[in-house]
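Hi,

Here is the structure I promised to pass on to you.

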Amino acid sequence: MSKKVAFYTLGCKLNFSETSTIARSFKDEGFDRVNFSEKADMYVINTCSVTENADKRFKTIVKQAQKANPNAFIAAVGCYAQLKPEELANVNGVDLVLGATEKFKITDYINDLSKNDYGEVHSCEIEEADFYVGSYSIGDRTRAFLKVQDGCDYKCTYCTIPLARGISRSDTMDNVLKNAREISAQDIKEIVLTGVNIGDYGKGEFGNKNHAHTFLDLVTELDKVEGIERLRISSIEPNLLKNETIELVSNSRAFVPHFHIPLQSGSNEILNKMKRRYLKELYVDRVEKIKSIMSHACIGVDVIVGFPGETDTHFLETYNFLNELDISYLHVFTYSERDNTEAADMDGVVPNSVRSKRSKMLRGLSVKKRRAFYESQIGTTRTVLFESENKEGFINGFTENYVKVKTPWNPILVNTLHQVKLTKIDDDGLVRFEFVNQLKPVKTL
């Protein structure tokens, strides 16, 4: 009888794409994949170093696995496993911890799945994480996350990702295009490009620092792949988002008018302390460039509150900056100290209660911004890709410019694209619409 394996992924889209690739390697070894809540012979937890209380969250998930099968073999991989391998190995029930270079070779480390007396660690020095493993994940039937780049050469003072994932390196253009074609052959309508710093694409493509291709080359070639209805850029640094890329998106067959651009602070003084590679004036320039040629584009922003030294004046500078900027929503992160980062030793620690209050204010601003953006889209005609889940009698979907819509559940809509006219915002903040072309009933055999 074949063995069963289950996976739990914490953190970002990149982690999800890597979990899928690891899962495929288990399939090749004859394992059947089951849900994490089910009884399995082995549980693999892909960890994240960015989430708050990563260790606490990890312990809870290990207990979940033990509850489903007390005798199961439990492995931890990913960013937190690279940064704090001993800590995870000491958690009761954990048998194996694999760092950044080892996680993709996990099936080489498992023998008979018998429990270990203590967690076995295989973790490299992060300098050794200099090779690239391509991956993609299929989250549901409608979209896939395609990894194009890994690691980061930036030295932001709050971030552990370079310590967890190593130097910036890229997939080869040929492999990205091959993966994109594989995805499109599975009737998946949307691909989201993902990586740690995707605007840095091209670096390390051939195992060295030669830059044969750029991010612009990548998106230009992906736009030509047949069968992909939509391509979405997940998150790109403002200093790496070039005019040529914005112009390509505006004229593109498949790239959608949706950008997610990390800002982190609206104060130049704080940006300098964070060692970000731009000032807020460049950010304004990027937003204005996008909006000048795609007024309907959706722009999402990452921002961190409570960074050491952030005074009330700095915070209000950020709040007012974002309030006046033509953006669509915010992802708000509350700063938390991370070992082995410069920021952890900085003066001017902001009390947690103040961090929390500032976070709440920016989350409120995000609701206002999203509402204003949705209102600006009422009356326009857009294309919606419908999701696969029945949510309390409704089906949701996203327009190309990331407006979330809803309509009564209809299974024939799943994973289909339809032209709609946006009509009104519902009580729950989602948008209602009318079909531009009346839905034709599908013949059933």
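**Two helix pairs**

In helix α11, the residues D312, F315, Y319, L322, N323 and E324 meet R358, M361, L362, L365, K368 and K369 of helix α12, where a contact means heavy atoms within 4.5 Å. Sorted by type, the residues of this contact are six nonpolar, one polar and five charged. Here Ala, Val, Leu, Ile, Met, Phe, Trp, Tyr, Cys and Pro count as nonpolar, Asp, Glu, Lys and Arg as charged, and the others, Gly among them, as polar.

Before I go on, a word on the source: this is a predicted model, in which local features need pLDDT of at least 70 and side-chain atom pairs count only at pLDDT 80 or more, while totals for chains, interfaces and linings use all residues. Residues are numbered from 1 along each chain as its sequence is written, and side-chain values use heavy atoms, with hydrogens and water left out.

Back to the helices. Two packed helices are described by the angle between their axes and the distance between the axes. For α11 (residues 312–324) and α12 (residues 352–377), the axes come within 11 Å and cross at roughly 5°. That angle makes α11 roughly parallel to α12. The axes are lines fitted to C-alpha atoms, for helices over the stretch in contact, and angles run from 0 to 180 degrees between N-to-C directions. Angles under 35 degrees count as roughly parallel, over 145 as roughly antiparallel, 65 to 115 as roughly perpendicular and the rest as oblique.

The second pair is α7 (residues 215–222) with α8 (residues 243–251), whose axes are 9 Å apart and pack at an angle of about 10°. These two helices are therefore roughly parallel to each other as well. On the α7 side the contact involves F215, L216, V219 and T220, and on the α8 side E244, T245 and L248. By type, that contact divides into four nonpolar, two polar and one charged.

**The chain as a whole**

The protein chain has twelve helices and 20 strands; helices (H or I, at least four residues) and strands (E, at least two) are DSSP runs, numbered from the N terminus. Its radius of gyration is 22 Å, close to the 22 Å that the globule rule gives for 445 residues, so the chain is as compact as a globular protein of that length. The radius is taken over C-alpha atoms, and the rule is 2.2 Å times the number of residues to the power 0.38. Along the principal axes, the C-alpha atoms fill a box of roughly 70 × 65 × 45 Å.

Of the 445 residues, 55% are buried; buried means under 20% relative accessible area, exposed over 50%, and partly exposed in between (1.4 Å probe, protein chains only). Among contacts with a separation of 6 or more, 72% come from residues 24 or more positions apart.

Y283 sits in helix α10 (residues 280–293) and is buried, at 0% relative accessible area. Apart from neighbours within four places in sequence, Y283 is in contact with P238, I261, P262, L263, G300, V301, F321 and L325. Its C-alpha lies 8.1 Å from that of N239, 44 residues away in sequence.

T399 belongs to strand β17 (residues 394–399) and is also buried, with a relative accessible area of 0%. Beyond four places in sequence, T399 has contacts with R230, R232, R382, T383, V384, V405 and L422.

**Out on the surface**

N340 is in the loop between β15 (329–334) and α12, and its phi is near 65°, a positive value in a residue other than glycine. N340 counts as exposed, at 70% relative accessibility. E392, in the loop between β16 (381–386) and β17, has a positive phi of about 50° although it is not a glycine. E392 is exposed too, with a relative accessible area of 80%.

K357 is in helix α12 and is exposed, at 59%.

**Cysteines**

C12 is partly exposed, with a relative accessible area of 37%.

Best wishes
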